Amino acid sequence: MIIKDVFGDDVVLTEERVAHIIKEHSGMIYRIDDLSDVLSSPDVIIESRYNPKVTLYHKFYKAKHNSYIVVAVLKEKDRRFVTTAYESQLTKKGKILWTKN
C-alpha cells in the first residue's frame, strides 16, 4: 500500500510491516487504519535519535485512547517505508522537523 504523507511524498506500507506491527504491538491491531491519517495529518514529526534516516510521525488521539500513534518511516535514497508503528503517551525525544500550525 502507498500512502501520501503530509508533504505529498509516497510512503510504502507492506503487508509484512503490518504483520510486524500487529505482532510486536498488539494494541495496534485495531489502529492500523489510523496509519494513513497519522502520515497525512501528523501533529509533529521528529527525527529519530537512533537513526537520522528515520522520522517519527506523531498524531494524538484523545477520543480513542488518549495517546499518540507514532509511525516510524525510513528514508532510503528517494524512497520511504514504514518500519513500525505503536502507541505512546508522549512524543519521542529528538530533533523536531515539523509541527502542525
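**Fold and selected residues of the predicted chain**

Leaving aside residues up to four places away in sequence, Ile 45 touches Val 6, Phe 7, Thr 55, Leu 56, Tyr 57, Lys 95, Ile 96, Leu 97 and Trp 98, a contact being heavy atoms within 4.5 Å. The structure is a predicted model, in which local features need pLDDT of at least 70, side-chain atom pairs count only at pLDDT 80 or more, and totals for chains, interfaces and linings use all residues. Residues are numbered from 1 along each chain as its sequence is written, and side-chain values use heavy atoms, with hydrogens and water left out.

Ile 45 is placed in strand S3 (residues 44–47); strands (E, at least two residues) and helices (H or I, at least four) are DSSP runs numbered from the N terminus. Ile 45 counts as buried because its relative accessibility is 2%, where buried means under 20% relative accessible area, exposed over 50% and partly exposed in between (1.4 Å probe, protein chains only). A distance of 19 Å separates the C-alpha atoms of Ile 45 and Asn 66, which are 21 residues apart along the chain.

His 58 belongs to strand S4 (residues 54–61). With a relative accessibility of 0%, His 58 is buried. Its contacts, again without residues up to four places away in sequence, are Val 38, Pro 42, Asp 43, Val 44, Ile 46, Tyr 68, Ile 69, Val 70, Thr 91 and Lys 92.

Lys 77 is found in the loop between strand S5 (67–76) and strand S6 (79–88). Its relative accessibility is 78%, so Lys 77 counts as exposed. The phi of Lys 77 is near 55°, a positive value in a residue other than glycine. Most residues other than glycine have a negative phi.

The chain as a whole contains two helices and seven strands, in the order β-β-α-α-β-β-β-β-β from the N terminus. Its radius of gyration, 12 Å, is close to the 13 Å given by the globule rule for 101 residues, so the chain is as compact as a globular protein of that length; the radius is taken over C-alpha atoms, and the rule is 2.2 Å times the number of residues to the power 0.38. Along the principal axes, the C-alpha atoms fill a box of roughly 30 × 30 × 25 Å. Of the 101 residues, 40% count as buried. Among contacts between residues at least 6 apart in sequence, 47% join residues at least 24 apart.
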